[in-house]
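Biologist: I have a new model open and would like to go through it with you. Can we start with what you mean by your terms?

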Amino acid sequence: MKKNSVPQASDVLSSWSRRDVLRAGAAAALVGAGGSIASRNAWSAPPRKLTFAWSSIAFCLSPVVVAQERGFFEKNGLDVELLNWGGSTDQLLEALATGKADVGVGLIHRWLKPLEAGFDVKIVGSAHGGCLRLVGANQAGVKDINSLKGKVIGVSDQNSPAKNFFAIHLAKKGFNVEKDIEWRVYPADLLDVAVKKGEIQAIADGDPNIFLIEKRNKGVFTEIGNSAIGEYKDKVCCILGARGDLVRNDKPAAAAVVRSIVQASEYVAENPNEAAKIYAKYSPKVPVEDLRALLTGLTYHNHPSGKPLRDEVEFFARDFHTAGVLKKSTDPVRLANHVTFDVLA
């Protein structure tokens, strides 16, 4: 362009492109790939305020606090208030459906049955796989799946994720889970006491409880089931849900939450020691080294969304349907299509 000449549109565009378009394009690429810069921040818009319901006693949900304290929510354009939820899964889903919370996280094994009832909540993402285990008492001779026949399994409640998961797993192995096995409820921290009294011969529960039970009872138990290995090693465990009107009316906000949890989950996978230190304030009774061991044992690289997540929801829905947890009239395919939503599409 000659000196003192009037700038042409093509000149302005060319100049802007060299300095800014590539930079903006790189930012957009990070967003599209699940990067840490969200479109809301890219255009300096105010952060979107959301309420996130979770349970601080569930160490496996460490990506939630990692996302908060390492700034993943903020980098994705969110201002998140964490709501420590102490109620039941039904109450959590009701809170989401009625707008008392915007997003929440929990185990798929607890969510499918109440979602069948019609709560306006959509499964939009996930955090990890693993975290449910079944251990047998050596003194009772329970050292493999087949030795469970005629035995009593202790659980923390009759609708616990571990009870649901292993009932389905055993049913697929040919067990009649109502006749071949008895399920008996005890407070979670007294399950090992019940074993010592001979009242139960196995325990189905999640970590960190199973981990702590094994730690204080060296050599007493043998692991005979784990949701992080075998047929389920690549399956999700904890899922992310959002209220229906959020995903319908503000899909970018829901997508930002999903990206934040994915990024935080990857951080936990790559930095279990740092993640354990971050989470330690929420679980002061569990040493950091134990939290690190627990986090290392979970599959934090496994956090599907979109169609892969929908397919996993259908997989579990089929299992639940076969085991009689879902109603006979429920179609697993239709249920999966109805309760999942691809906010990243």
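Modeller: Buried, here, means under 20% relative accessible area. Keep in mind that this is a predicted model.

Biologist: Fine. How many residues of helix α3 are buried, then?

Modeller: Six of the eight residues in α3, which spans residues 62-69, are buried, so the helix is mostly covered by the under 20% cut-off. The buried ones are S62, P63, V64, V65, V66 and A67. After α3 comes G71, with a positive phi near 85 degrees.

Biologist: Back up a bit. How many helices and strands are there in the protein?

Modeller: There are 15 helices and ten strands. The protein has 345 residues, and 51% of them are buried.

Biologist: Now the inside. Which residues have the most contacts in the largest nonpolar core?

Modeller: F52, L148 and I153 do, in a core of 93 residues. Helix α11, residues 251-270, gives the largest share of this core, with ten residues. Another core lies apart from it and has twelve residues, among them A137, L191, V195 and I210.

Biologist: Stay with F52. What is F52 in contact with, leaving aside its neighbours within four places in sequence?

Modeller: The list includes V64, F73, V80 and V103, as well as L240, V257 and I261. V64 is also one of the buried residues of α3.

Biologist: Which residues line the largest cavity?

Modeller: H109, G130, F165, S227, Y232, K235, V236, C237 and F316.

Biologist: What does the side chain of R243 make polar contacts with?

Modeller: One partner is the side chain of D102, at 2.6 Å. Another is the side chain of D245, also at 2.6 Å.

Biologist: And what else does R243 touch, not counting residues up to four places away in sequence?

Modeller: R243 touches R48, L96, G99, A101 and D120, along with D102.

Biologist: What about C131, is its phi positive or negative?

Modeller: C131 has a positive phi of about 90 degrees, although C131 is not a glycine. Most residues other than glycine have a negative phi, and most peptide bonds are trans.

Biologist: Where is C131 found?

Modeller: C131 is in the loop between β4 (121-128) and β5 (132-137).

Biologist: Why does C131 count as buried?

Modeller: C131 counts as buried because its relative accessibility is 5%, and the cut-off is under 20%.

Definitions and conventions: Residues are numbered from 1 along each chain as its sequence is written. This is a predicted model: local features need pLDDT of at least 70, side-chain atom pairs count only at pLDDT 80 or more; totals for chains, interfaces and linings use all residues. Side-chain values use heavy atoms; hydrogens and water are left out. Helices (H or I, at least four residues) and strands (E, at least two) are DSSP runs, numbered from the N terminus. Buried means under 20% relative accessible area, exposed over 50%, partly exposed in between (1.4 Å probe, protein chains only). A polar contact is a pair of N or O atoms within 3.5 Å; within protein, one must be able to donate a hydrogen and the other to accept it, and residues adjacent in sequence count only if both atoms are side-chain atoms. Contact means heavy atoms within 4.5 Å. A nonpolar core is a set of buried Ala, Val, Leu, Ile, Met, Phe, Trp, Tyr and Cys residues joined through side-chain atoms within 4.5 Å. On a 1 Å grid over the protein atoms alone, a cavity is a set of points where a 1.4 Å probe fits but cannot get out, and a pocket is an open set with protein on both sides within 12 Å along at least five of seven lines; lining residues have an atom within 4 Å of a point.
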